[in-house]
Amino acid sequence: MMTKVQVPEENTRPLNPAQQQAARPGKHRKPMTAPKTQTGKRPNKKKIIITVLMVVVVLAIVAVAAFFIKQLIESKYYFCSKSVKFIPLEKACDGKEDCSGAEDESACVTKFGANSTFPLRLMTTRNVLQIFRPEENTWKSVCADSFTQQHAETACQQLGYSVKPTFSTVQVGILPTNLKMSLCMVGSSKPQTFQSTVSDLKLCSQGTVVTLTCSAECGLTRNQDRIVGGQDAVIENWPWQVSLQSISQHTCGGSLVSPHWVVTAAHCFNGEGKKAVIRWKVVSGNTYLGSAGASSVDKIIVHKDYTSGRNDYDIAMIRLQSPITVGESRRPVCLPPQDLGLKGGDNVVVTGWGHLTEKGNLSPKLQKAQMPLIDTAQCSSPTVYGSSVTPRMICAGYLTGGVDACQGDSGGPLVYSYGRWMLVGVVSWGLGCARQDRPGVYTNMDQMLDWVHSVMKEYQ
């Protein structure tokens with residue numbers, strides 16, 4: 001039998017019912033809206049620029065600080081890379097091994113002497129090409145017979161500088177006796193060395209010999225006087241002039257003679273600590289004295305016969321680690337031919353940043369001075385310099401004084417113009433600056449050409 005069970009009703013009333021409030025007139029609930037979706041905000045350009053500038057400034061400060069720290073360290077110490085240690089700079093190149101493997105004694109000023117006569121030379125203002133025949137101990141002019149552009153390039157490469165070399169011919173009959181007495185010609189095959197295919201002749205079938213120009217760009221300036229009594233100059237007019245700096249301090253001048261080579265004075269490397277190559281830089285292309293545009297030095301070679309006591313053979317050459325880029329403010333000066341024929345009274349020009357007065361200060365701006373050569377017999381007279389003047393020296397200036405090179409000009413160029421500017425001397429020595437009867441004395445490049453060409457060939 002079924003019975004009906006009564007189920008209690010579900011209680012839906014809350015235990016704590018909220019008090020109901022009557023709606024107030026005029027009050028309306030705000031309609032619900034969907035939340036706004038965030039669109040991508042554009043970055044604040046101003047903040048980005050400021051941030052970038054701050055980063056650049058910080059990096060610049062760090063770079064400048066690192067540069068000066070490096071300069072400071074290099075001015076005091078030499079770093080031994082193999083043994084990873086620093087030694088005082090004065091201990092580098094002092095003849096004692098302070099680094100592992102004698103590293104500190106390897107990158108030093110080198111002495112070099114030519115063991116034999118350099119086999120090629122250019123003679124007189126005509127640039128007549130000659131070859132030395134050692135078996136006869138004779139120089140012979142090269143006939144134009146069979147001479148080609150390839151021969152010109154080979155010869156100029158041996159001479160150390162070849163940029164668009166050109167050659168021409170000159171009639172044998174109009175040459176001085178010493179240039180037309182001994183003759184030779186080259187073979188038609190491509191020579192390894194210029195003199196390898198030479199044969200002797202009694203006369204040239206065409207009656208002409210070769211004149212050679214090894215560089216189309218040396219000795220040119222934009223326009224065609226520490227110099228005491230000099231004038232302001234600009235580097236574009238003397239683009240071969242360089243500043244030789246030891247630990248960023250101007251010490252000597254020098255002359256670019258090729259994109260890789262600088263000629264200067266041997267006495268620039270006298271003194272303790274000056275024989276380490278690492279301490280030297282070559283600064284080119286500047287009218288005002290500074291350190292911008294510095295080139296690192298690979299080798300420094302001084303003449304082996306140089307002695308500081310006599311100032312004889314006062315010449316050195318610097319090989320740059322990287323060649324300079326030739327342009328309006330950087331350009332080699334021409335090396336002169338031998339027997340250029342200069343005489344007393346010929347006008348020459350000296351340039352540099354040396355002292356403006358004896359015991360004065362360096363000039364901040366390049367200076368130039370035009371002055372005459374002084375006859376060697378007069379310069380070596382007892383009233384001037386006497387026997388101190390050797391064949392490796394020439395003198396220039398005024399015996400009355402007033403115009404002269406001075407301290408800081410050492411190693412710089414003395415140039416002469418014959419169509420192009422040629423390096424005829426290197427600032428060497430003198431008693432005081434611009435004194436009466438004490439003119440400037442310069443290394444005679446005419447006597448040093450054989451050594452210069454030998455250095456460039458040996459260390460090319």
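Reply: The second largest pocket is lined by 17 residues, and Leu342, Lys343, Ile394, Asn444 and Asp446 lie nearest its centre. This is a predicted model, in which local features need pLDDT of at least 70 and side-chain atom pairs pLDDT 80 or more, while totals for chains, interfaces and linings use all residues. Residues are numbered from 1 along each chain as its sequence is written, and side-chain values use heavy atoms, without hydrogens and water.

Me: How is a pocket found, and what volume does the second largest pocket have?

Reply: Rolling a probe the size of a water molecule over the atoms shows where empty space is left. On a 1 Å grid over the protein atoms alone, a pocket is an open set of points where a 1.4 Å probe fits, with protein on both sides within 12 Å along at least five of seven lines; lining residues have an atom within 4 Å of a point. A volume is the space filled by probe spheres set on the points, which are joined across faces, edges and corners. The second largest pocket has a volume of about 330 Å³.

Me: Which elements give two or more residues to the lining of the second largest pocket?

Reply: Helices (H or I, at least four residues) and strands (E, at least two) are DSSP runs numbered from the N terminus. Strand 19 (367–374) and strand 20 (393–396) each give two or more residues to that lining.

Me: What is the volume of the largest pocket, and which residues are closest to its centre?

Reply: The volume of the largest pocket is about 580 Å³. It is lined by 36 residues, and Leu122, Asn127, Cys214, Cys334 and Leu335 are the closest to its centre. Helix 5 gives the most to this lining, with four residues.

Me: Is Ser246 buried or exposed?

Reply: Ser246, in strand 12 (residues 241–246), is buried, with a relative accessible area of 6%. A polar contact is a pair of N or O atoms within 3.5 Å, one able to donate a hydrogen and the other to accept it; residues adjacent in sequence count only if both atoms are side-chain atoms. The side chains of Ser246 and Arg279 form such a contact at 2.7 Å.

Note on methods
Buried < 20%, exposed > 50% of the residue type's maximum accessible area, 1.4 Å probe, protein only.
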